[in-house]
Amino acid sequence: LRAPHVYSDANLRQAFSMCIDHDATVAKATDSQGIPVYANVPPASWAFDTNVPKYTLDVAGAKTLIEKSGWTLGSDGIYQKAGKRLSTTLYVRSGKPQRTSFAQLAADQLKTCGIEVKVAPSDFSTVLLPLLSYPNNFDTYLGGWSTALDPDDSSIFGCDQVVTKASPDSNNFVGWCNKAADSLLTQGRQETDKTKRIAIYAQFQTAVHNDVPYFF
């Protein structure tokens, strides 16, 4: 999300999420074994919010957002701006067939929106770990993480966990710092009443969904 990376532009992040038939792609990539999610909290958690907005397939709307940010459709069907094509490499861990399948299915759909994605299955230790460390020289990455049932994801989304030269291996390698969402993480971490925590994390799930630092 750091400038000048393309997805520092919220319009492009939103457009990305509007180009993929989310639920159908999850089903196809996982042989109908996957459960679609739209934010960070897994369904097994007591804080999972069923009211988080779903992703909406809207190719025309996505193109409108891309063009609003000054991109024009090139003769090859890919948007361009100031001599740069709207093209990124999507790194995905080798040996994870469901992830690779989802990545390729998503890439095929994104192309219809004028966004080029080149899927690159890569070794985790020699390729991906260096990319996820400072200075985070990547635009798009498909990965996953294990999480406890408690919904505190401060280590992944907290502003104080953004990867920097001083903290090269922090977990917030996408560089997302949303002050309102960060405040919710703090409230959720400090609150002891479970009912109140549920309400706080419901707000966070909507915030992380809407700002699209990740497409879940």
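Where is asparagine 136 found? Asparagine 136 lies in the loop between H5 and S6, where helices (H or I, at least four residues) and strands (E, at least two) are DSSP runs numbered from the N terminus.

## Basis

This is a predicted model, in which local features need pLDDT of at least 70, side-chain atom pairs count only at pLDDT 80 or more, and totals for chains, interfaces and linings use all residues. Residues are numbered from 1 along each chain as its sequence is written, and side-chain values use heavy atoms, with hydrogens and water left out.

## Backbone exceptions

Most residues other than glycine have a negative phi, and most peptide bonds are trans. Asparagine 136 is not a glycine, yet its phi is positive, about 55°. Asparagine 136 is also buried, at a relative accessible area of 2% (buried is under 20%, exposed over 50%, partly exposed in between; 1.4 Å probe, protein chains only). Valine 212, in the segment after helix H8 (194–211), has a positive phi near 55° and is buried at 6% relative accessibility.

The loop between helix H5 (124–131) and S6 also holds proline 135, joined to tyrosine 134 by a cis peptide bond with omega about 10°. Another cis bond, with omega about 5°, links alanine 3 and proline 4; proline 4 sits in the segment before helix H1 (10–18).

## Aspartate 153

Aspartate 153 is in the loop between strand S6 (140–142) and helix H6 (154–157). Setting aside residues up to four places away in sequence, aspartate 153 touches Asn40, Thr147, Gly158 and Leu185 (contact is heavy atoms within 4.5 Å).
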